Amino acid sequence: LILDSIGSDDDQEESDGEDEEELRLDVPNDVDVALVNFPPEARIEIGEPRTEDFGRLIALRGVVRQVSSPRTLVKYAVWECQRCGTFHTVPVEHKTIQKPSECEACERTVPWARNTSNEQRVDYQEIHLQEEPGEAVDQSNPRTMTIRIEGTELIDATRPGERVEVRGVMEEDLSDEKAVIIDGYVSAADIDTESEDYESLEIDEEEATQFEAMSDRVNVEQLC
């Protein structure tokens, strides 16, 4: 499923409540959504997101600096009432699993047992995206943005050193309820690999010696 010609902020302001209802799409869980033809105002630099950008669909370009190992993320936890055996499904918020406050069938607080076999889980991965060389405001300390990936389609879709464009929603990290400084991250919906940042690749002394030796050859291009 491809969502084309995403409207700008001006377009959204012109639409009323009824129009907004018509634009909502019920997308099945097994359908992959690609986002294309972003308006220019949706593309921002890594260091540009501000408070008003939370909840917005944005696009960021940068160099992948770190990719975590794939892990499993629980989306909905399932609890079994130890009195009547009723199952209760609880959405996981801010990476914290909470028990139900009470059993709806018993209408009281009861002991619970977590039923992991019926939980809804997805693949999960984090990417650290950094400002591109030459684009950073402070070249000695380029700014970064955390990209969170949920679902199989984008897992391992990129690797360190690649230049990519990430499209997704700017979200608040509310894992710490007492925090007064709120970090942001992008929940990725699509990732396009543009090129690899060869300038940032690290080589050891032995490889450097081999490259220097090859560069002295007249027909070095024949080695490719």
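Predicted model: local features only at pLDDT ≥ 70, side-chain atom pairs only at ≥ 80, totals over all residues.
The layout, then. The protein chain has three helices and eleven strands. In sequence order the pattern runs β-α-α-β-β-β-β-β-β-β-β-β-β-α. There are 224 residues in the protein chain, and 28% of them are buried. If you take the contacts with a separation of 6 or more, 65% of them are between residues 24 or more positions apart.

Next, the nonpolar cores. The largest one has 18 residues, and the members with the most contacts inside it are Leu129, Ile147, Val166, Val186 and Ile191. Five strands each supply at least two residues of this core: S4 (57–67), S8 (120–130), S9, S10 and S11. Take valine 166 as an example. Setting aside neighbours within four places in sequence, valine 166 is in contact with Ile58, Ala59, Leu60, Leu129, Ile147, Val186, Ala188, Asp190 and Ile191. There is also a second, separate core of eight residues, which includes Val74, Cys81, Cys103 and Trp112.

On to the second largest pocket. Its volume is about 460 Å³. The lining has 25 residues, and Lys75, His94, Arg148, Glu150 and Tyr185 are the ones nearest the centre. By class, that lining comprises 13 nonpolar, four polar and eight charged residues. The strands that each supply at least two lining residues are S5 (71–81), S9 (144–150), S10 (162–172) and S11 (184–196).

Now the stretch around S7. Arginine 114 lies in strand S7. With a relative accessibility of 37%, arginine 114 falls between the 20% and 50% cut-offs, so it counts as partly exposed. Leaving out neighbours within four places in sequence, arginine 114 is in contact with Val74, Val78, Trp79, Ile97, Glu119 and Arg121. With one of these, glutamate 119, there is a side-chain to side-chain polar contact of 2.5 Å.

Asparagine 115 is in the loop between S7 and S8. Is asparagine 115 buried or exposed? Its relative accessibility is 14%, which is under 20%, so asparagine 115 counts as buried. Its side chain makes a polar contact of 3.0 Å with the side chain of asparagine 118. Not counting residues up to four places away in sequence, asparagine 115 touches Val78, Trp79, Glu80 and Phe87. Val78 and Trp79 are also in contact with arginine 114.

Last, the backbone angles, and back to glutamate 107. Most residues other than glycine have a negative phi. Glutamate 107 has a positive one, near 55°. At 64% relative accessibility, which is over 50%, glutamate 107 counts as exposed. Aspartate 156 also has a positive phi, of about 60°, without being a glycine. Aspartate 156 is in the loop between S9 and S10. Its relative accessibility is 52%, so aspartate 156 counts as exposed.

That is the set of sites I wanted to show.

Definitions and conventions:
Residues numbered from 1 in each chain as written. Heavy atoms only, no water. 1 Å grid on protein atoms, 1.4 Å probe; cavity = no way out; pocket = protein on both sides within 12 Å on 5 of 7 lines; lining within 4 Å. Points joined across faces, edges and corners; volume = space filled by probe spheres on them. Helix = DSSP H or I, 4+ residues; strand = E, 2+ residues; numbered from the N terminus. Nonpolar A, V, L, I, M, F, W, Y, C, P; charged D, E, K, R; others polar. Core = buried A, V, L, I, M, F, W, Y, C linked by side-chain atoms within 4.5 Å. Buried < 20%, exposed > 50% of the residue type's maximum accessible area, 1.4 Å probe, protein only. Contact = heavy atoms within 4.5 Å. Polar contact = N/O pair within 3.5 Å; in protein donor to acceptor, adjacent residues only side chain to side chain.
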